[in-house]
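Please study the sequence and the structure, then work through each solution in order.

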Amino acid sequence: MAQWVLPCLLIGLSACNRQERELDCADPLEVPSGIPAFTLNSFDSDQSVMAGRHVLMNQNNGRNSWATVVDACGNPVWWEANEDPANRIFRAKMAANGKSVLIGEKDIDDLADTATIRRVSTRNKLLSRTRALEAHHDFEEMDDGTFSWISHQYARNVWFPGMNADLVSDVVRSTQEGNDEPVDEQIFSLFQDSGVEPFWVCDHMWPSDRVPGFGEWSHSNSLMWEPEGDAYYLLARYWDAIVKFERDGTLAWHMGGPLNEFELIGDTVLPRHAHMSEYWRDGMLVFDNRNHSGLPSRVVEYAIDEQARTVEEVWSVEQPDGKLVGFLGDAVRLPGGNVLVTWSTEGRLTEYNADGEIVWELQSDSNLTRTEWVPNWPEPR
């Protein structure tokens, strides 16, 4: 009985009931043909915390994209398509109130700035639409009624004469929810506020279709607001760095990258070209893509002492087949020490226990993007 105590405390005593820990996969809803399907690969009722729970994700299938909630069997129970046919959903998050979903979308070809953040109820009612200037990859809902998001910022290239293109980097912008004008309210700019002079990061910097016509200097992909410390954490993927800054835009520190301030404890290795969704006051969970390393991708948890400026690996698991997941990917904490991992290009959504064993898994034929565990989704639509 002891092994059940922590999960029971975290997700409710009803989860301790054996019957409620079994999956009920009957009677899936009829869904639009464009939503990628899932197959349930495995489920360990003694160790998984997925029974009766859900996962929110954004899925892309060609030029179709969806914010989707699936149950533990992989059956969609809620979905919302991109609002503009020329756009693609880049991020979906549960709202802080747990009663609505926040959906960011932008031009699928990155040729026009049409980015918005929508708030949609769990009954698919549009509650607000916010214009998010040059938004991409990630955003945060703040406690003062505003949204903050990662946004593109451009600069004339005077650093790299061998590259016949200007540079694009990232700035965190903000505006009041419901504002339909493209407001340029900047909180923090990597060009202007990070203290880093443009340097050649890697071959990903050459112009490509990611931002057509520009060389990407930072490719920031993850923005986290930590409310207890009232600070932002921005992951600049191409720098292999996390930058912390205060709510007023004051730079706090760099972890990794050219201005690293942290001592690595033991055999700790900082992530390469990573993605992430969770930073807390003394740790973080990272999807370490490991591009340019020759190693398989992994998920790694770090213990962090910001005051002493130390970082230490405390848990990790590698891609099960030893593969490199070159882009996308995500990892989130679950009750009782389990971790939910999105092996994006492999189409696998996997729950691991603290020993690194698979206790639940869904498989899809399509790429998966960011995911969020939903402990309390409303009744079926």
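Strands (E, at least two residues) and helices (H or I, at least four residues) are DSSP runs, numbered from the N terminus. The model is predicted: local features need pLDDT of at least 70, side-chain atom pairs count only at pLDDT 80 or more, and totals for chains, interfaces and linings use all residues. Residues are numbered from 1 along each chain as its sequence is written, and side-chain values use heavy atoms, with hydrogens and water left out.

**Exercise 1.** Determine where R309 lies and whether its phi is positive or negative.

Solution. Step 1: R309 is placed in the loop between strand 21 (298-305) and strand 22 (310-318). Step 2: its phi is positive, about 60°, although R309 is not a glycine. Step 3: for comparison, most residues other than glycine have a negative phi.

**Exercise 2.** Classify R309 as buried, partly exposed or exposed, and do likewise for T310.

Solution. Step 1: buried means under 20% relative accessible area, exposed over 50%, and partly exposed in between (1.4 Å probe, protein chains only). Step 2: R309 has a relative accessible area of 24%, and is therefore partly exposed. Step 3: T310 has a relative accessibility of 18%, so T310 counts as buried.

**Exercise 3.** State which element holds T310 and which residues T310 contacts, leaving aside neighbours within four places in sequence.

Solution. Step 1: T310 belongs to strand 22. Step 2: contact means heavy atoms within 4.5 Å. Step 3: with those neighbours set aside, the contacts of T310 are F262, E263, I265, A303, I304 and D305.
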